[in-house]
Amino acid sequence: MVIRRAVVTGASSGIGEATVRVLRAQGWEVVGVARRPKRLARLAAETGASTIACDLTDPDAVAALVAELERTGPVHALVQVAGGARGTDSVEQGSIDDWQWMYDANVLTTQRLVAGLLPLLRRAAAADGHADTVFVTSTAAQSAYPGGGGYNAAKAAESMLVKVLRQELHGEPIRVVEVAPGMVHTEEFALNRLGGDVAAAESVYDGVAEPLIADDVAELIAYALNAPRRVNLDLVTMRPLAQAAQHLLARGTLHVRTDD
Ligand SMILES: NC(=O)c1ccc[n+]([C@@H]2O[C@H](COP(=O)([O-])OP(=O)(O)OC[C@H]3O[C@@H](n4cnc5c(N)ncnc54)[C@H](OP(=O)(O)O)[C@@H]3O)[C@@H](O)[C@H]2O)c1
């Protein structure tokens with residue numbers, strides 16, 4: 001049996017880290033990628049994954065990453081999780097620096113990875129039957145909300161890029177899967193978005209009965225990768241039960257409505 005090897009970005013925290021753990025537990029070979037080497041080293045020790053520290057916004061670093069991956073084995077799957085949000089400014093007062101970072105970290109990074117890794121994915125697909133790509137976008141790609149401008153725009157652009165890629169790869173045995181989560185309570189996402197303000201970050205989840213956790217998304221990604229190869233999950237939107245829509249978030253215990 002072929003042991004499949006996945007490259008998982010965003011591996012130093014949250015959804016990416018959880019995905020590394022789930023795939024390793026299922027017997028995948030995994031290469032975890034993020035910038036912070038200490039966190040990667042800990043993950044490697046705990047899971048047996050390999051790791052490569054790389055700033056995905058740096059084209060030279062991505063070229064070196066691709067060369068290292070090519071040198072060390074096949075790539076059957078790319079799971080692109082790295083990215084995130086900065087700020088909640090209005091469009092009128094949007095910080096160009098933050099918006100530029102979000103476009104780079106979510107959109108251009110995805111393009112760079114696809115361009116670099118597609119030759120390796122094709123090689124693995126030719127040798128072993130098929131290859132996979134999974135991209136974590138967001139429900140922010142689907143609905144606008146006040147203060148979401150920069151992130152809405154970046155995630156919508158990333159989502160479009162994924163849809164284009166699926167059509168461009170039509171006829172090849174390479175799946176293109178998009179996973180769009182709603183609110184996921186991860187360690188750092190809100191903290192990074194809100195400039196490191198711990199209280200503000202925690203208040204995002206205040207009273208929400210069970211936001212998604214990173215494992216929920218990781219399990220879905222693993223399902224997409226392990227599904228029979230004829231099955232392509234084009235787009236899976238996953239929200240917590242408490243979030244019926246971007247703007248409809250129930251805080252407090254969920255309860256059954258009764259007439260009395
Ligand atoms: N949490 C949510 O509510 C939520 C909802 C929908 C979608 N998402 C999306 O899901 C993805 C993961 O979110 P999360 O909650 O797991 O966030 P997170 O905990 O902040 O993780 C983000 C990951 O991306 C990596 N990363 C950021 N910039 C990078 C760069 N320039 N080069 C390499 N790696 C980089 C970070 O690692 P280093 O800092 O070590 O580089 C980290 O591992 C993001 O794309 C996010 O937009 C999150």
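## Ground rules

Two residues are in contact if their C-beta atoms, placed from the backbone, lie within 7 Å. Helices (H or I, at least four residues) and strands (E, at least two) are DSSP runs, numbered from the N terminus. The model you are looking at is predicted, so local features need pLDDT of at least 70 and side-chain atom pairs count only at pLDDT 80 or more, while totals for chains, interfaces and linings use all residues. Residue numbers start from 1 along each chain as its sequence is written.

## Helix H8 and its cover

Let's start with helix H8, residues 214–226.

Which residues of H8 are buried? They are Ala-214, Val-217, Ala-218, Leu-220, Ile-221, Ala-222, Ala-224 and Leu-225, where buried means that 20 or more other C-beta atoms lie within 10 Å of a residue's own (exposed is 12 or fewer, partly exposed is in between). The elements covering these buried residues include strands S1 (5–9), S4 (77–80), S5 (131–136), S6 (174–181) and S7 (235–238), along with H1.

Most residues other than glycine have a negative phi. Glu-210 counts as partly exposed because it has 13 C-beta neighbours inside 10 Å.

Ala-18 belongs to helix H1, and it is buried because 25 other C-beta atoms lie within 10 Å. Not counting residues up to four places away in sequence, Ala-18 touches Ala-214, Asp-215 and Ala-218. Ala-18 and Ala-214 are 196 residues apart in sequence, yet their C-alpha atoms are 6.0 Å apart in space.

## The nonpolar core

The largest nonpolar core has 68 residues, and Val-7, Val-8, Val-217 and Ile-221 touch the most other members. Such a core is a set of buried Ala, Val, Leu, Ile, Met, Phe, Trp, Tyr and Cys residues joined through C-beta atoms within 7 Å. Helix H4 (residues 96–128) gives the most to this core, with ten residues. Beyond four places in sequence, Val-217 has contacts with Ile-15, Val-136, Val-179, Pro-181, Val-184, Leu-212 and Met-238.

Val-8 also stands opposite Gly-32 in S2. Strands S1 and S2 run parallel and are joined by five bridges; pairing requires that DSSP finds at least two. S2 (residues 29–34) is mostly covered, with five of its six residues buried.

## Around the ligand

How many residues surround the ligand? There are 31, and the closest are Gly-10, Gly-14, Arg-35, Gly-83 and Phe-189; a residue is near the ligand if its C-beta atom, placed from the backbone, lies within 6 Å. The shell has 14 nonpolar, twelve polar and five charged residues. Here Ala, Val, Leu, Ile, Met, Phe, Trp, Tyr, Cys and Pro count as nonpolar, Asp, Glu, Lys and Arg as charged, and the others, Gly among them, as polar.

Helices H1 (14–25) and H6 (189–193) each supply at least two shell residues, and H1 has the largest share, three residues.

## Ala-82

Ala-82 lies in the loop between S4 and H4. It is buried because 26 other C-beta atoms lie within 10 Å. Leaving aside neighbours within four places in sequence, Ala-82 has contacts that include Thr-9, Gly-10, Gly-16 and Ala-34.
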